[in-house]
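Visitor: I am new to this structure and would like to learn how its features are read. Could you take me through it step by step?

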Amino acid sequence: TEEDLLALSSGNYSDLQDYPYFLVDSDIVVTSNWTPIEQFSGHFDGGNHTITFTYEPDDYSYMGGFFSVISNATVCNLNLVCNIIINGYAGGLATYAESSLIYNCTVSGSIYNSFYPEQMGYCGGVVASAYNTTFYKCVNMADVEMQSKQGGLNTGGIVGGGTGLIIRSCTNLGNIWGYPDQGSVGGIIGEADSVTIVSCANYVSISCEGSEPGGIAGNINNSTLTDCANYGNNPLAEMSRETEFTNNIVIPVNLDSFSEGSKTEVTFNHLIIPNGFGGGDAGYYQDGTFYAENNYTDKQIITIAGGSSSFVPMLTSELISGTGLDADKWILGDGRYPIPVETVTDHDLVKLATTPFILGATDSENYETIETVCSDITLGSTSGISWMVDSVPVTGNVLDVDAIRLDSRKVTKTLSAHIG
């Protein structure tokens, strides 16, 4: 109950070792300003229920979240809806996690973190900063914003930064904004060292003032990034050193904010190529030694400047069928782009990002791109998706390109997918 949570957060359980296991048995709305549970080392099972809270301290507090610190803990099956406004460290579930397991947890709402002058700041949808911790099947749907006028700030959809982490089958669906002069911003993690990232997905374009953020990771070092999908309009990583990139997919679909519920992918006559790579080597900047193999992109949607030995350009149809991919590691079918296993599949944002249009192709050497559209376009038919040219709905799943070109009322026509 709310009373139990308040007792836990106020420290009225005199010895938490006597209460190593907590199970939430109903949805809870905390009606007063939340006080983070200061230190937790037990097992907290949310029972797939939702806890809603607001944390907006009156003092100049620099640690904020449902928990302040978890250590040697397990937190699972927990849905959090939060409204956090703080300085320094902010995470929906915790500000700091050490030697812990966090799985099947979802955070939504908003997290706003302004700069705390005497601290290096971290901000994450789930956890701000972590060490030697595993994140499994976690989802961020919260809007996360790190506001800074100075450097040293790291922001991520799942975790702001960390060392010795395993991040597996996690999904970012939340808008991420960072404003660091010195710091890193990524859809899954901001700053990573000795981190294993496997089967994770980002579906939004990450924003960062002053530098190029990463769709999956910001600054990633001495790490591995494998079987991940970035559908945001960013490179896989902002910067990398001594890091392996293998079997990842990068398809920048130029997805608008979820509140608008639409994406714009191609315009006729004045075709816009999504800026998905931004520099570096086909999807990530690099500084130092790195290894990259069998990373895939849709060559009919994005052109890799100068070519790249580390990216395999494929036809849209080849990606949909999973050519070259390990079927045990990707969800394939329904005419959609591949989705990493055990990640979110049925969210509207995921449907929009993974529902393609298919341009003409005779074979792998003879195909149309968004710069050379000349034949009819086949439109993806995922349940709930509709297509429009400008404001006119498209009937059926085939777009007559000749009819569009004959319409001279407007020089540029925009094809977009909508849901809801």
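Predicted model: local features only at pLDDT ≥ 70, side-chain atom pairs only at ≥ 80, totals over all residues.

Visitor: Let us start with the inside, then: how many residues does the largest nonpolar core have, and which of them have the most contacts inside it?

Guide: A nonpolar core is read as a set of buried residues joined through their side-chain atoms. Here the largest one has 106 residues, and F44, L93, F135 and I167 are those with the most contacts inside it. The element that gives the most to this core is strand β7, residues 74–87, with six residues.

Visitor: Is F44 buried or exposed, and what does F44 touch?

Guide: A residue counts as buried when its relative accessible area is under 20%. F44 has a relative accessibility of 1%, and therefore counts as buried. Leaving out residues up to four places away in sequence, F44 touches L5, L8, F22, V24, I51, F66, F67, T74, V75, C76 and L78.

Visitor: Turning to the aromatic rings, how many aromatic pairs does the structure hold?

Guide: The structure holds 14 aromatic pairs. In one of them, the rings of F22 and F44 have their centres 6.4 Å apart and their planes at 25°, so this pair is stacked. F22 lies in strand β1 (residues 21–23) and F44 in strand β4 (residues 43–55), so the pair ties together parts that are 22 residues apart in sequence. F22, with a relative accessible area of 13%, is buried.

Visitor: Why do the rings of W34 and F66 count as stacked?

Guide: Planes under 30 degrees apart count as stacked. The rings of W34 and F66 have their planes at 0° and their centres 5.1 Å apart, so the pair is stacked. W34 lies in the loop between β2 (28–29) and β3 (37–40), while F66 lies in the loop between β5 and β6 (67–71), so the pair ties together parts that are 32 residues apart in sequence. Both W34 and F66 are buried. Ring pairs also link F22, W34, F40, F44, F53, F66 and F67 into a cluster.

Visitor: How should I read a sheet, and what is the order of the strands in the open sheet of five strands?

Guide: The general idea is that strands of a sheet pair through backbone hydrogen bonds, either parallel or antiparallel. In the open sheet of five strands the order is β5-β8-β11-β16-β21, and the pairing is parallel. Strands β5 (63–64) and β21 (183–186) are the edge strands, each of which pairs on one side only. Within this sheet, strand β8 (residues 89–91) and strand β11 (residues 121–124) run parallel and are joined by three bridges, and A90 stands opposite C123 in β11.

Visitor: What is the count of disulfides, and how far from C200 is the nearest cysteine sulfur?

Guide: A disulfide needs two cysteine sulfur atoms within 2.5 Å. By this rule the count comes to zero disulfides. C200 is in no disulfide, and the nearest cysteine sulfur, that of C170, is 4.8 Å away. C200 is buried, with a relative accessible area of 0%, whereas C374, at 49% relative accessibility, counts as partly exposed.

Visitor: Which residue's side chain is joined to that of N172 by a polar contact?

Guide: A polar contact of 2.9 Å joins the side chain of N172 to that of N140. N172 is found in strand β19 (residues 171–172) and is buried, with a relative accessible area of 0%. Beyond residues up to four places away in sequence, N172 touches several others, including G157, G187, I188 and Y203.

Notes. Residues numbered from 1 in each chain as written. Heavy atoms only, no water. Core = buried A, V, L, I, M, F, W, Y, C linked by side-chain atoms within 4.5 Å. Buried < 20%, exposed > 50% of the residue type's maximum accessible area, 1.4 Å probe, protein only. Helix = DSSP H or I, 4+ residues; strand = E, 2+ residues; numbered from the N terminus. Contact = heavy atoms within 4.5 Å. Polar contact = N/O pair within 3.5 Å; in protein donor to acceptor, adjacent residues only side chain to side chain. Pairing = 2+ DSSP bridges. Phe/Tyr/Trp six-rings, centres within 6.5 Å; stacked < 30°, edge-to-face > 60°.
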